[in-house]
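Thanks, everyone. I'll keep this quick. Have the model open and follow along.

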Amino acid sequence: MFKQLLNSDIENVEVILNNQKIMVPQNTTVAAMALAQGLRVTRTTPVSGSPRAPFCMMGVCYECLMVIDGISNQRACATYVKQGMRVETQQGTGPSLGDAL
Amino acid sequence: MKNHYQLLIIGAGPAGLAAAVTASNQGISCALLDEQAALGGQIYRCIESVPESRAQILGSEYQRGKALAKEFRDCDVDYFPETKVWSLSRDREVGVLHKDQNKIISADQILVASGAMERPVPFPGWTLPGVMQAGAGQVLFKSAGVIPSDGVVLAGSGPLLLLLAWQYMQIGVDIKAMLDVTPLSNNLLALPKLPRALLAHHYLTKGLVYQRDLKRAGVLSKIGVSNLRAHGDGELQSVSYRHLGREHSIATDLLMTHFGVIPHIWLTQAACCKHQWDNSQQCWRPQHDEWGNTSIKGILVAGDGAGINGARSAEHAGRLASLQALFALGIISQTERDQQSIDDRKKMQGERHIRPFLEAYFAIPQNMLATTDKDTIVCRCEEITAGEIRTAVENAHGDSNQVKYLSRCGMGPCQGRQCANAVAHIVADAGGQAVSDSSHFRGRPPVTPLTLEQLAMLSGGEHNEY
């Protein structure tokens, strides 16, 4: 679906996406990273469980909500990757704070 | 960040940056707040870090942002990136979340340069993974060099769709089809506005060059397309449409749509600035005078957030609003304000020659705006269909806000950003009234979700002693 053009000027960081270690260029948003990694579904809805993915990429639509470092409902398009970051597909409302601890 | 500024600018796109440069070196306390990590807004996104080869493909209009960014870097305005502005009150109090610190600050003059967002137009299958907005395609390319790998179908209406197609073609993306939903009848409506548009012919020339290049590259292009639908089981697998009375289908895992852009009005709404329906631009926008003054004293607007006029116009409007703010603060005289505004005012008028033509030519058909298909989801967050909204109207809830209370549509995390316009159109259509008489969801703070922890921070300080 998507690919990321190589840019040797930018350093990579290690991110764990759905329990898989991957190397991602810095200055990439979590949503761009997920799409470039071929992730089709980044969350399911709390209402019907239907699959969704990033839609607007500019922080307006809230479709790209993911679990980032254990905290649910984070806008993946407005969050940049960081060394050691854990990113997971969000199921419904995602884990509550207690689950993450 | 201080607790009070003489001038506070919200948004680091062309309007906000130009305003900041104008307000620089005037001896006032001035801050620029922006949600993104890098300046430039959506139009000049990543303008300071983009690799040269990518900037070339993005084109000359994008590269104009470099000069503006450089000017801004030389100015003395306090710049706060990664800062969420979650409320704005009529008393010019601003809720700000910056580096995990939440607080309310105030300003004598506030310029809202919140920019535009894609006009969300619901159609069957638009919630499927693999369906995105064209602006998303641009953001992915500008900011991360992420482009479609297995081809893309582009559909909708408006200059951005053509620009994205041209940019994708330059980088070698397979464009499976360009499906233009612009009704052919728009040509006639736009024709009388063509002579004025010729005064800004560089835009028209550019559009024609893009079209020519795409044609030469052999991109399949259909005009007058209707009945656009996205299909798939759990994710997009194909797109179908009607053209010249026949149904067609294309297999694709990616569809990018564009139906024009609309002002992002959530902050000005929260402040209770007066808004009006703009029939030509098919959107609501804050009422403002030639300087950007809204109905509330000390709150100004500039750029696409004030009404869609494009990036170049936004720069001029940003300078004008900044001059007005400096005048209101008593820093410059009325004569100085007027004299310094002459050049920008003239250029801005020049820029606007193209708009009436573009607005008429790319007007979105009424049946798409009012989502005639009853099973189509309109509120993506709460999964409310057009049929449910029409039923609510039939049950005498003839107002967007009543429909919202009854159905929960507009109550999800996006706070109605994706459905407000469609709901207003459906309510107007079902109730047999003009959309201008229909209502927009009331916008209330916080305009962006906050955690309880972040809200609780506001009670810190003086209450700590208890």
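This is a predicted model: local features need pLDDT of at least 70, side-chain atom pairs count only at pLDDT 80 or more; totals for chains, interfaces and linings use all residues.

Two strands count as paired if DSSP finds at least two bridges between them. Keep that in mind for the sheet in chain B.

Start at strand β6 of chain B, residues 101-112. Strand β1 of chain B, residues 4-10, pairs with β6(B) in the parallel sense. That pairing runs over 6 bridges. Find L8(B): the residue opposite, in β6(B), is I110(B).

Next, strand β5 of chain B, residues 93-98. β5(B) pairs with β6(B) too, in the antiparallel sense, over 6 bridges. Here V96(B) has K103(B) as its bridge partner in β6(B). β5(B) and β6(B) form a hairpin with 2 residues between the strands. What is phi of K99(B) in that hairpin? It is positive, near 50°.

One more neighbour. Strand β20 of chain B, residues 299-301, runs parallel to β6(B), joined by 3 bridges. The partner of L111(B) in β20(B) is L300(B).

Now zoom out to domains. Chain B is divided into three pieces: domain 1 is 4-117 + 262-332, domain 2 is 120-259 + 357-361, and domain 3 is 370-437. How far apart are the C-alpha centres of domain 1 and domain 2 of chain B? They lie 29 Å apart. In terms of contact, 10 residues of domain 1 of chain B meet 9 residues of domain 2 of chain B. The domain 1 side of that contact has 4 nonpolar, 4 polar and 2 charged residues.

On to a helix pair. Helix α4 of chain B covers residues 134-144, and helix α5 of chain B covers 159-171. Their axes are 10 Å apart, at an angle of about 40°. Angles under 35 degrees would count as roughly parallel, and 65 to 115 as roughly perpendicular. So α4(B) and α5(B) are oblique to each other. The crossing is left-handed.

Which residues of α4(B) meet α5(B)? A134(B), G135(B), G137(B), Q138(B) and F141(B). On the α5(B) side, look for L160(B), L161(B), L164(B) and Q167(B). By class, the α4(B) and α5(B) contact has 5 nonpolar and 4 polar residues, and no charged ones.

Stay with α4(B), and turn to chain A. The contact between the chains takes 36 residues from chain B and 34 residues from chain A. On the chain B side, the elements giving two or more residues are β7 (116-118), β8 (131-133), α4 and β9 (146-148). The largest share, 6 residues, comes from α4(B). That chain B side divides into 16 nonpolar, 11 polar and 9 charged residues.

Strand β1 of chain A, residues 2-4, runs antiparallel to β9(B), with 3 bridges. Look at Q4(A): its bridge partner in β9(B) is V146(B).

Last, two backbone points to check in chain B. First, the peptide bond from P445(B) to P446(B) is cis, with omega near -5°. P446(B) lies in the loop between α16 (420-430) and α17 (452-456) of chain B. Second, N227(B) has phi near 55°, a positive value in a residue other than glycine. Where does N227(B) lie? In strand β13 of chain B, residues 226-231.

That's my tour. Over to you.

Note on methods
Residues are numbered from 1 along each chain as its sequence is written. Chains are lettered from A and ligands numbered from 1 in the order in which they are written. Axes are lines fitted to C-alpha atoms, for helices over the stretch in contact, and angles run from 0 to 180 degrees between N-to-C directions. Helices (H or I, at least four residues) and strands (E, at least two) are DSSP runs, numbered from the N terminus. Angles under 35 degrees count as roughly parallel, over 145 as roughly antiparallel, 65 to 115 as roughly perpendicular and the rest as oblique. A crossing is left-handed if the near helix is turned anticlockwise from the far one by less than a right angle, and right-handed if clockwise. Two residues are in contact if their C-beta atoms, placed from the backbone, lie within 7 Å. Ala, Val, Leu, Ile, Met, Phe, Trp, Tyr, Cys and Pro count as nonpolar, Asp, Glu, Lys and Arg as charged, and the others, Gly among them, as polar. Domain bounds come from an automatic or database domain assignment.
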